[in-house]
Amino acid sequence: MAFDIDMIKAVYARMGERIEAARKIEGRPLTLSEKILYAHLYEGMPTKAYQRGKDYVDFAPDRVAMQDATAQMALLQFMSAGKPKVAVPSTVHCDHLIQAKVGAKQDLETANVSNKEVYDFLSSVSNKYGIGFWKPGAGIIHQVVLENYAFPGGMMIGTDSHTPNAGGLGMIAIGVGGADAVDVMAGMAWELKFPKLIGVKLTGRLSGWASAKDVILWVAGKLTVKGGTGYIVEYFGEGADTLSATGKGTICNMGAEIGATTSIFPYDKNMYDYLVSTDRQDVADLAEQYKIHLRADDEVYANPEKYYDILIELDLSTLEPHINGPFTPDLAWPLSKFAQAVRENNYPAKLEVGLIGSCTNSSYEDLTRAASLAKQAVEKKLKAKAEFTITPGSETVRYTAERDGILEVFGKMGGVVLANACGPCIGQWSRHIDDPNRPNSIITSFNRNFAKRNDGYAGTHAFVASPEIVTAFVIAGDLTFNPMTDTLINEEGEQVKLDEPQGLMAPPRGYAVEDRGYQAPAEDGSKVQVIIDPKSERLQLLEPFKPWEGTDLIGLKLLIKVKGKCTTDHISMAGPWLKYRGHLDNISNNLLIGAVNYFNNKTNSVKNQLTGQYDEVPKVQRAYKAAGIGSIVVGDENYGEGSSREHAAMEPRFLGVRAILVKSFARIHETNLKKQGMLALTFANPADYDKIQEDDTFDILGLTTFTEGVPLTIVLHHADGSKEEIKANHSYNSQQIEWFKAGSALNLIGRK
């Protein structure tokens, strides 16, 4: 039986009347996304129509999911909210802190020792507040959620940007910062601007080397890393119904790479089959009973151009395998053109490491398709020319794959099975390399490939593809190889060609597992003690941020003017810094150390206006804080794209940065800044970015009359004594302005 079955029954029982009310209010048929959104209004029954992309709406998600790196700060905040128990089903998943170094068994043993303090904290705080706890080794949050918690028509938020993975089971699942999770766990409304909709109509059927991963790689190439911002991407069509539930999950997972609020597929037989195969017959039967609510209305599918803000069509039968990268997940190359791209752009053609798995591509189907190629390599006497690692998505998938001989096949090819954790996907990789500075190439079936993302090395060119394409390239060791057309020379000097990969949507003998790694919370957590050592370097109780002083902000110094792409990895690096995710003071020492300074083209080198000397970003900001001087960060387009980590918003707030002024924001990061009491502002005229000089001092005017829809004025005081006025837009509504005034959204919860 499924977890939280009574909650799921209640969701389905009320869907019909809420959807019917929404249909009458809108006066038209509804898309799937609209049905689920209107069925999850915090107020209950819909009473008004909401404008897409304009109206802020309060929602009541069904559940919350947190991974260990973000759960620490989220739960430290929840402890400050004064609630005895979470108001909705919630879970914590220990997947981010396990470093990949040797192999699964040893790496997990090392993590259990090195992270014991954090795991003990998360276990005890989960036990106290009624939160399900998934131990280290249980699996990656999104795969575990898909196997155990996701259900068609539900709504979930998660403190990880790839939470939309659950869209593979027809769920609206949205990545958020920890403060948003705290709101929902505390029983409060969760606010979101009603999303616009991108419809992706899929026709035909995948064949040969093409896979579900190639759908999202193709879409990313079309829409770019910010093309989905403010949108839900809703897939549909007869082609959609041919994809497995886990394949759909892959597509929805990587929708985070185009900035989409989330992505979703309509309920179909493959979802039913996946629910049954993962021991959730009860949920499958409920979904069948209510399936009319779990797909868009027929009129929408008949005339999609009338109901979606943007419509894209893709014939799956024509889709070619894609390889995206390097350095950005939206640089999409069809396989037939990739070799030429490698040569023309001087990408290192020699492949050094291929990595498959991660939350994006670690299903049974993924492993079987990749294993079919590994088996060919062994049988055709082809020796792998690159290192090869395999990361199962969960203990259930790993155990089943081992039982069915899949992992043994990878081992014969020379593959190393890593722990059921994020590992190299998020920089938790102790990579063995002779010279970390030389240009080199790796290819993964992960989702993100920003510079330094996987191994911390700027010279690493990381490419993203399906597990089967990664495996083929590992066998060849050459990125100019095309497995669809080219041959390889085996150990006996013969020319051999790889056959098309074959796979299975689900294990024929069903899934199996001995220990899933789940810890249920105490029935009564009131007597459970959560102990944090005051001397700890990894955990630190939070002090509330100071409320706004009630005046305009005068005399702010420029901390950094960021040049070009600035993701949350640039603002708050992962890798070795992950161990400080529960200690705000210590992790603040990585503030913006990866961002490029516009004025000297260097990272972690900015001018201290108090001394005239250049120093590391956190040191300069700490000097301003010690002097009682506020500061401002200036950035470029899509500032804060990537991970949902709220540390990227909490660190500047903690160190005394007062405002972030950019050309545009990524959605999650903008919300995180607002939640922490920061000013998140955009240039009314993007060209004003060029007016910012290195020694500028800023005044932010209009805060005493801070109002929804009214721009603020910023006065730039240049070093030569001249000054200029520019306008700064904001997207704060009245509630969010109260967060700013209170010092943070959490402060407002505390007051109430």
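**Strands, helices, cores and cysteines**

Reader: How do you know that E14 and strand E15 (residues 387–391) pair?

Author: E14 and E15 are joined by five bridges, in the parallel sense. Isoleucine 356 stands opposite isoleucine 390 in E15. The model is predicted, so to speak of local features takes a pLDDT of at least 70 and side-chain atom pairs count only at pLDDT 80 or more, while totals for chains, interfaces and linings use all residues. Residues are numbered from 1 along each chain as its sequence is written, and side-chain values use heavy atoms, with hydrogens and water left out.

Reader: Which other strand is joined to E14, and by how many bridges?

Author: Strand E17 (residues 440–444) is joined to E14 by four bridges, and the two run parallel. Valine 353 stands opposite isoleucine 442 in E17. From E14 the chain passes through helix H14 (residues 364–379) to E15 in a right-handed β-α-β crossover. Right-handed here means that, with the strands pointing away from the viewer, the path from the first strand over the helix to the second runs clockwise. Helices (H or I, at least four residues) and strands (E, at least two) are DSSP runs, numbered from the N terminus.

Reader: What makes E14 mostly covered?

Author: Seven of the seven residues of E14 (residues 351–357) are buried, meaning under 20% relative accessible area, with over 50% called exposed and in between partly exposed (1.4 Å probe, protein chains only).

Reader: Why is helix H9 (residues 245–253) called largely enclosed?

Author: Nine of the nine residues of H9 are buried, so the rest of the structure largely encloses this helix. Among the buried residues are Lys248, Thr250 and Asn253. The buried residues of H9 pack against H6, helix H8 (212–223), strand E9 (231–236), strand E10 (262–264), helix H10 (269–277) and H14.

Reader: How many disulfides are there, and how do you know?

Author: The count comes to zero. A disulfide requires a pair of cysteine sulfur atoms within 2.5 Å. The sulfur of cysteine 94 is 11 Å from the closest cysteine sulfur, in cysteine 422, which is too far for a bond. For the sulfur of cysteine 422, the closest cysteine sulfur is in cysteine 359, at 6.4 Å, also too far for a bond.

Reader: Are cysteine 94 and cysteine 422 buried or exposed?

Author: Cysteine 94 has a relative accessible area of 1% and is buried. Cysteine 422, at 7%, is buried.

Reader: What makes a group of residues a nonpolar core?

Author: The members are buried Ala, Val, Leu, Ile, Met, Phe, Trp, Tyr and Cys residues joined through side-chain atoms within 4.5 Å. The largest core has 187 residues, of which Leu75, Leu202, Tyr235, Phe410 and Phe473 touch the most other members. Leucine 75 touches Met66, Val92, Leu122, Val125, Ile131 and Met185, leaving aside residues up to four places away in sequence; contact means heavy atoms within 4.5 Å. Another core, of 49 residues, lies apart from it and includes Leu553 and Phe740.

Reader: Why are strand E6 (172–175) and strand E21 (518–519) placed at the edges?

Author: Six strands form an open, mixed sheet in the order E6-E5-E2-E3-E4-E21. E6 and E21 each have a single partner strand, so one side of each is left without a neighbour in the sheet.

Methods:
Two strands pair if DSSP finds at least two bridges between them.
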